[in-house]
Amino acid sequence: MKFIRRLFVAFMLIYLLPALASAGWWYMKERPQSWRDADWSSAGLLPKPAESPEAAVYILSATTGGMKGAVASHAWIVTKDERAPAYSRYEKVGWGKPIRKNAYRADGRWYSNAPRIVVTIKGQEAQRLIPKVEQAIADYPYSSPGAYRLWPGPNSNTFVAHVLRSVPELDAVLPPNAVGRDYLPEGRLFQIDADGRDLHATLYGLVGVSAGWRSGLELHFMGLVAGFDIARPGIKIPALGRFGI
């Protein structure tokens, strides 16, 4: 019984309290009440293609809308071939055809929330990786209408996480509040990244662990992530995000 009590206290401190604190702050924050009221304009985060002719790959993430924004974010992929006149934006949504291309501005706000860049790759390395990224997008198994579930997945973050695991040269992990990122496609319970540097074990995105050079050590519970990074020292706090270098 003492062990169970300690486990419960640990759960409260690590997962529940940060989520409740974030929910309280989010409830008091002024925010759009619907997608019609939200600002979807460019945040001015990415350079204009004409001013940056080199190839580029970006992973972006922004806090999502509604009360789920208290604990969750939305991620997407942006690519640009060398000297291309425009960016290409790829993401998964929960309505209509799930996988969307250029439905929004490349660095557009999401429900009025400005995005942040998770990773940037430019130049020859980006040009080399773009075909791999496009192939991973094409291979995503949940691309048909109706193949979306807000929680625990597959959702928008499941899609981007699939691309990151398929193209490990992108060398990135989605932030801790990217709920759904740990849902492995096709009901897998275990997966090792293509380069063998990260491993993931999960019970359908509900409970699991990730460990490796990119992920550090993460413990997942009901879509919330706690852990710490090794390669870029930092801590991951459920609902609140990553803090560190």
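User: How do you know that helix 2 reaches close to its expected length?

Analyst: In this predicted model, helix 2 covers residues 124-139, which makes 16 residues, and reaches 24 Å from its first C-alpha to its last.

User: What is meant by a bend in helix 2, and where does it lie?

Analyst: The bend at a residue is the angle between axes fitted to the seven residues ending there and the seven starting there. At I130 this angle is about 30°. A proline, P131, follows within four residues.

User: Which residues of helix 2 are buried, and what do they pack against?

Analyst: The buried residues are A126, L129, I130, V133, A136 and I137. They pack against strand 1 (56-63), strand 2 (73-80), strand 3 (88-92), strand 4 (99-101), strand 5 (116-122) and helix 3 (156-166). As a general point, an α-helix has 3.6 residues a turn, so residues three or four places apart point the same way.

User: Why is H162 called buried?

Analyst: H162 lies in helix 3. Its relative accessibility is 11%, and the cut-off for buried is under 20%. H162 therefore counts as buried. Leaving aside residues up to four places away in sequence, H162 touches A136, D139, Y140, P141 and P185. Of these, A136 is also one of the buried residues of helix 2.

User: Why is D37 called exposed?

Analyst: D37 is found in the loop between helix 1 and strand 1. Because its relative accessibility is 53% and exposed means over 50%, D37 counts as exposed. The C-alpha atom of D37 is separated by 15 Å from that of M67, with the two residues 30 apart along the chain.

User: What makes a space a cavity, and how many cavities of 30 Å³ or more are there?

Analyst: A cavity is a set of points where a 1.4 Å probe fits but cannot get out. By this rule there are four cavities of 30 Å³ or more. The largest cavity has a volume of about 160 Å³. Its lining has 15 residues, of which R165, A172, V173, L174 and H200 lie nearest its centre. Helix 3 and strand 7 (198-202) each give two or more residues to this lining, and helix 3 gives the most, with three residues. The lining of the largest cavity divides into five nonpolar, three polar and seven charged residues.

User: What makes a space a pocket, and what lines the largest pocket?

Analyst: A pocket, by contrast, is an open set of points with protein on both sides within 12 Å along at least five of seven lines. The largest pocket has a volume of about 540 Å³. It is lined by 31 residues, and R116, P175, P176, G241 and R242 lie nearest its centre. Helix 1 (2-28), strand 5 and strand 12 (241-244) each supply at least two residues of the lining. The largest share, four residues, comes from strand 5. The lining of the largest pocket comprises 16 nonpolar, seven polar and eight charged residues.

User: What is the volume of the second largest pocket, and which elements supply at least two residues of its lining?

Analyst: The second largest pocket holds about 340 Å³ of space. Among the 21 residues that line it, T64, K68, A72, Y148 and L150 are the closest to its centre. Strand 2 and helix 3 each supply at least two residues of the lining.

Notes:
Residues are numbered from 1 along each chain as its sequence is written. This is a predicted model: local features need pLDDT of at least 70, side-chain atom pairs count only at pLDDT 80 or more; totals for chains, interfaces and linings use all residues. Side-chain values use heavy atoms; hydrogens and water are left out. The expected span of a helix is 1.5 Å times one less than its number of residues. Buried means under 20% relative accessible area, exposed over 50%, partly exposed in between (1.4 Å probe, protein chains only). Contact means heavy atoms within 4.5 Å. On a 1 Å grid over the protein atoms alone, a cavity is a set of points where a 1.4 Å probe fits but cannot get out, and a pocket is an open set with protein on both sides within 12 Å along at least five of seven lines; lining residues have an atom within 4 Å of a point. Grid points are joined across faces, edges and corners, and a volume is the space filled by probe spheres set on the points. Ala, Val, Leu, Ile, Met, Phe, Trp, Tyr, Cys and Pro count as nonpolar, Asp, Glu, Lys and Arg as charged, and the others, Gly among them, as polar.
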